[in-house]
Amino acid sequence: MHFTRLRLSGFKSFVDATDLVIEPGMTGIVGPNGCGKSNLVEALRWVMGETSAKRMRGDDMDDVIFGGTANRPARNLGEVALLIDNRTRTAPAGFNEHDELEVTRRIERGNGSDYRINGKLVRARDVQLLFADNASGAGSPALVSQGKVGQIINAKPQDRRMLLEEAAGITGLHSRRHEAELR
Ligand code: ATP
Ligand code: MG
């Protein structure tokens with residue numbers, strides 16, 4: 001499963017529709033302070049199911065919507081789409097017949113957000129599991145933020161085990177077992 005494109009519109013500082021092609025290999029994002037590098041990484045985390053406004057550097061999840069500048073009015077809609085090459089067929093059942101997956105999350109001011117996979121409305125949980133099963137996702141060690149390295153070193157053994165399980169791509173199994181036990 002490879003990310004091939006990231007599309008943003010009305011998300012944080014990316015007010016206009018922006019389409020980024022993610023080529024195979026390593027991608028670097030460079031630019032002056034405040035140009036939106038971290039916002040791009042946050043867009044990735046958000047579309048994979050981030051639920052914490054604080055981890056998105058906001059007070060409220062609506063803060064991810066373009067909030068306006070001196071010469072441009074605020075928006076009421078924000079959207080991020082992540083395109084995934086699924087020719088290796090590692091997506092969960094129900095989505096795995098597609099060569100390409102498009103995961104979309106859209107937020108409307110005051111109205112929360114919804115998720116779609118290839119246009120079909122799905123639960124946040126479906127999107128979170130899709131990435132958890134592929135050793136990725138909003139909370140995964142694939143995204144290393146500032147201070148995270150120190151946090152891992154100082155983590156309790158049980159928390160460190162969770163990180164290793166996430167890296168191995170088996171956290172999805174745990175959440176499914178937990179869900180099954182609750183039923
Ligand atoms: P640095 O090099 O300092 O880490 P950066 O390239 O990572 O900078 P970001 O933190 O991604 O920059 O972008 C910060 C900019 O995004 C700020 O100018 C901030 O005002 C703008 N921004 C963040 N959220 C919004 C929003 N909801 N609406 C409009 N602009 C926003
Ligand atoms: Mg930054």
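Helices, as named here, are DSSP runs of at least four residues, numbered from the N terminus. The model on screen is predicted.

**The sheet.** Start by selecting strands S1 to S6. Six strands make up an open sheet, with antiparallel pairing, and the order across it is S2-S1-S3-S4-S5-S6. Look next at its edges: strand S2 (18-21) and strand S6 (120-122) each pair on one side only. Going from one strand to the next, the twist averages 20 degrees.

Select S5 (residues 112-117) together with S6. These strands are joined by three bridges in the antiparallel sense. To find one of the partners, pick Arg 116, whose bridge partner in S6 is Leu 121.

**Helices on the sheet.** Now select residues 37-47, which form helix H1. Helix H1 packs on the sheet and touches strand S1 (2-9), strand S3 (77-85) and strand S4 (100-108). Its direction makes about 80 degrees with that of S3. Move on to residues 124-132, helix H2, which packs on the sheet and touches S4, S5 and S6. The angle between the directions of H2 and S5 is about 55 degrees.

**Helix H4.** Finish by selecting residues 157-168. Helix H4 is hardly covered, since among its 12 residues the count of buried ones is one.

How values were computed
Residues numbered from 1 in each chain as written. Chains lettered and ligands numbered in written order. Predicted model: local features only at pLDDT ≥ 70, side-chain atom pairs only at ≥ 80, totals over all residues. Buried ≥ 20, exposed ≤ 12 C-beta atoms within 10 Å, placed from the backbone. Helix = DSSP H or I, 4+ residues; strand = E, 2+ residues; numbered from the N terminus. Pairing = 2+ DSSP bridges. Axes fitted to C-alpha atoms, helices over the stretch in contact; angles between N-to-C directions. Contact = placed C-beta atoms within 7 Å.
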